Amino acid sequence: MNTVLVIGATSPTAQAFIKLMERDYPEMTLKLFVRNRKKVPAYQKREHVIFLGDAAKYTDYVAALEDVDYIYDSVGGLSTGPYVKLLLRAIKETQATIKRIVDISAGGIYGEYLSGNLPYLSAVRTQHPQYTDKPLLFANSGIPFTIFRPGLIQNGPETKIITHGPEFRAIPESEFAINRDTFARAAANALFNDDYHNQSVAISNGELL
């Protein structure tokens, strides 16, 4: 049985992923990496492995990686680059056999959101270089990966998935947002179906399913 480590498991985006895993991949073991156990839904405390840890601590990653096969990392923010370095260092030094990592980054790191509801995301490219560092960090690790760069993650009906590579520069307003369930499905497809192999892709909503 394979185990998926879900880092930042109490975030709304990670919660949508966990629920999809429970529904579509019940054979998988989920290990939920959280800072605050109180924020974990009661049923998840019963059904999944709960690991209390801090994404800023190397030793916590080392302990969490035991018996892990896949990683879904939803920890973002301004420390995302240093956190990824700690995670990859822990994987290397423990010789953990990780089959694939899906990492949630920020929309706008290549200036792709030049219009839309929140055009300021384009500033991520110049103001927060730690987001642009991640593709190289993962590539140098040798671990298969996918980095997703969503615009606005929101609730709503599931849709088809639209992706764009780093070269794309003008994602229209109609594609700015993405539904959490659609996003979770894209993450699962990347983890288990090898979709978007070693790519950093912008991801957004398409037509309704």
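## Strand pairing around β4

β1 and β4 pair in the parallel sense, over four bridges. The model is predicted. Across this pairing, valine 4 stands opposite tyrosine 70 in β4. β4 also runs parallel to β5, and four bridges join the two. Tyrosine 70 has a bridge partner there too: arginine 100 in β5.

Which way do the side chains of β4 point? Tyr70 and Tyr72 point one way, and Ile71 and Asp73 the other way. All four of these β4 residues are buried.

## Strand pairing around β10

β10 covers residues 199–208. Strand β6 (residues 145–150) runs parallel to β10, with five bridges between them. In this pairing, phenylalanine 148 stands opposite valine 201 in β10.

Strand β8 (residues 159–164) also has five bridges to β10, but these two strands run antiparallel. Here threonine 163 stands opposite isoleucine 203 in β10.

## The overall chain

The protein chain has seven helices and ten strands. It holds 209 residues, of which 52% count as buried. Take the contacts between residues at least 6 apart in sequence: 74% of them join residues at least 24 apart.

## Two nonpolar cores

In soluble globular proteins, nonpolar side chains tend to be buried together. In this model, the largest nonpolar core has 34 residues. Val4, Val6, Phe17, Tyr72, Phe148 and Phe192 touch the most other members. Several elements each supply at least two residues of this core: β1 (3–7), α1 (12–24), β2 (29–34), β4 (70–73), β5, α7 and β10. Which element gives the most to this core? α7 does, with eight residues.

A second, separate core has 24 residues. Phe33, Ala55, Tyr58 and Ile91 are included in this second core.

Valine 6 has contacts beyond its neighbours within four places in sequence. These are with Ala14, Phe17, Ile18, Lys31, Leu32, Phe33 and Tyr72. Phe17 and Tyr72 are also named among the residues that touch the most other members of the largest core. Phe33, in contrast, is listed in the second core.

## Helix α1

α1 has 13 residues, so at 1.5 Å a residue the helix should span 18 Å. Its end C-alpha atoms are 18 Å apart, which agrees.

Which residues of α1 are buried? They are Thr13, Ala14, Gln15, Ala16, Phe17, Ile18, Leu20 and Met21. An α-helix has 3.6 residues a turn, so residues three or four places apart point the same way. The buried residues of α1 pack against both strands and helices: β1, β2, α2 (42–47), β4, β7 (152–154) and α7.

## Where α1 meets α7

Two packed helices are described by the angle between their axes and the distance between the axes. The axes of α1 and α7 cross at roughly 65 degrees and come within 8 Å. Their crossing is right-handed.

On the α1 side, the residues that meet α7 are Pro12, Thr13, Ala16, Phe17, Leu20 and Met21. On the α7 side, they are Arg180, Asp181, Phe183, Ala184, Arg185, Ala187, Ala188, Leu191 and Phe192. Phe17 and Phe192 are also among the residues that touch the most other members of the largest core.

## Asparagine 189

Helix α7 (residues 180–193) also holds asparagine 189. Is asparagine 189 buried or exposed? Its relative accessibility is 17%, and the cut-off for buried is under 20%, so asparagine 189 counts as buried. Leaving aside neighbours within four places in sequence, asparagine 189 is in contact with Tyr25, Asp194 and Asp195.

## Two residues with positive phi

Most residues other than glycine have a negative phi. Glutamine 95 is not a glycine, yet has a positive phi of about 55 degrees. Glutamine 95 is found in the loop between α4 (80–94) and β5 (100–104). Glutamine 95 counts as exposed because its relative accessibility is 68%, and the cut-off for exposed is over 50%.

Asparagine 198 is not a glycine either, and has a positive phi of about 50 degrees. Its place is in the loop between α7 and β10. With a relative accessible area of 39%, asparagine 198 is partly exposed.

Conventions. Residues are numbered from 1 along each chain as its sequence is written. This is a predicted model: local features need pLDDT of at least 70, side-chain atom pairs count only at pLDDT 80 or more; totals for chains, interfaces and linings use all residues. Side-chain values use heavy atoms; hydrogens and water are left out. Buried means under 20% relative accessible area, exposed over 50%, partly exposed in between (1.4 Å probe, protein chains only). Contact means heavy atoms within 4.5 Å. A nonpolar core is a set of buried Ala, Val, Leu, Ile, Met, Phe, Trp, Tyr and Cys residues joined through side-chain atoms within 4.5 Å. The expected span of a helix is 1.5 Å times one less than its number of residues. Two strands pair if DSSP finds at least two bridges between them. Axes are lines fitted to C-alpha atoms, for helices over the stretch in contact, and angles run from 0 to 180 degrees between N-to-C directions. A crossing is left-handed if the near helix is turned anticlockwise from the far one by less than a right angle, and right-handed if clockwise.
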